Amino acid sequence: MTFEAYEAVVDDSGYEARGRERQALSLGIDRLERVQGGRFSFEDLVESLLYVRRLWTIFIEDLAHPENALPEKLRADIISIGLWVVKEADRLRDEKSNDVMQLIEINRLIRDAL
């Protein structure tokens, strides 16, 4: 395999990874939008929030890995956002907040930036 062919595979796999991240964020957004719509059981709320929490935990772990290729400042900024998302999901689950829209908006912003 030539170096150029290897680079193409790496570029494609990065593109595919971003696509999977966009899909995962879209699924979380869809779940949160259903919750925001008002017709949900407490179980639906908890499942939706746990999905978003788990997703961001995976993102945070990946960003914290030393081999992550993103610039350190960008990684730190996204980790900070992720920590906020996790805390806000916990606040919603514990009924200390009822503003799902903030979670939806931040997830949309990140998804659309990918």
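Mentor: By class, 13 nonpolar, 2 polar and 4 charged residues make up the lining of the largest pocket. Here Ala, Val, Leu, Ile, Met, Phe, Trp, Tyr, Cys and Pro count as nonpolar, Asp, Glu, Lys and Arg as charged, and the others, Gly among them, as polar. The model is predicted: local features need pLDDT of at least 70, side-chain atom pairs count only at pLDDT 80 or more, and totals for chains, interfaces and linings use all residues. Residues are numbered from 1 along each chain as its sequence is written, and side-chain values use heavy atoms, with hydrogens and water left out.

Trainee: How much space lies in the largest pocket, and which residues are the closest to its centre?

Mentor: A pocket is an open set of points on a 1 Å grid over the protein atoms alone, where a 1.4 Å probe fits, with protein on both sides within 12 Å along at least five of seven lines; lining residues have an atom within 4 Å of a point. Grid points are joined across faces, edges and corners, and the volume is the space filled by probe spheres set on them. In this case the largest pocket holds about 610 Å³. Of its 19 lining residues, R18, E21, D62, N68 and L70 are the closest to the centre.

Trainee: Which element gives the most to that lining?

Mentor: Helices are DSSP runs (H or I, at least four residues), numbered from the N terminus. The largest contribution is from α1, with 5 residues.

Trainee: How do α2 and α3 pack?

Mentor: Axes are lines fitted to C-alpha atoms over the stretch in contact (heavy atoms within 4.5 Å), and angles run from 0 to 180 degrees between N-to-C directions. The axes of α2 and α3 lie 9 Å apart at an angle of about 160 degrees. The two helices are therefore roughly antiparallel (over 145 degrees). Their contact residues divide into 18 nonpolar, 2 polar and 4 charged.

Trainee: At what angle do α3 and α4 cross?

Mentor: They cross at roughly 155 degrees, with axes that come within 10 Å. Hence α3 and α4 are also roughly antiparallel. Residues in contact include W84 and E88 in α3, and Q102 and N107 in α4.

Definitions and conventions: Angles under 35 degrees count as roughly parallel, over 145 as roughly antiparallel, 65 to 115 as roughly perpendicular and the rest as oblique.
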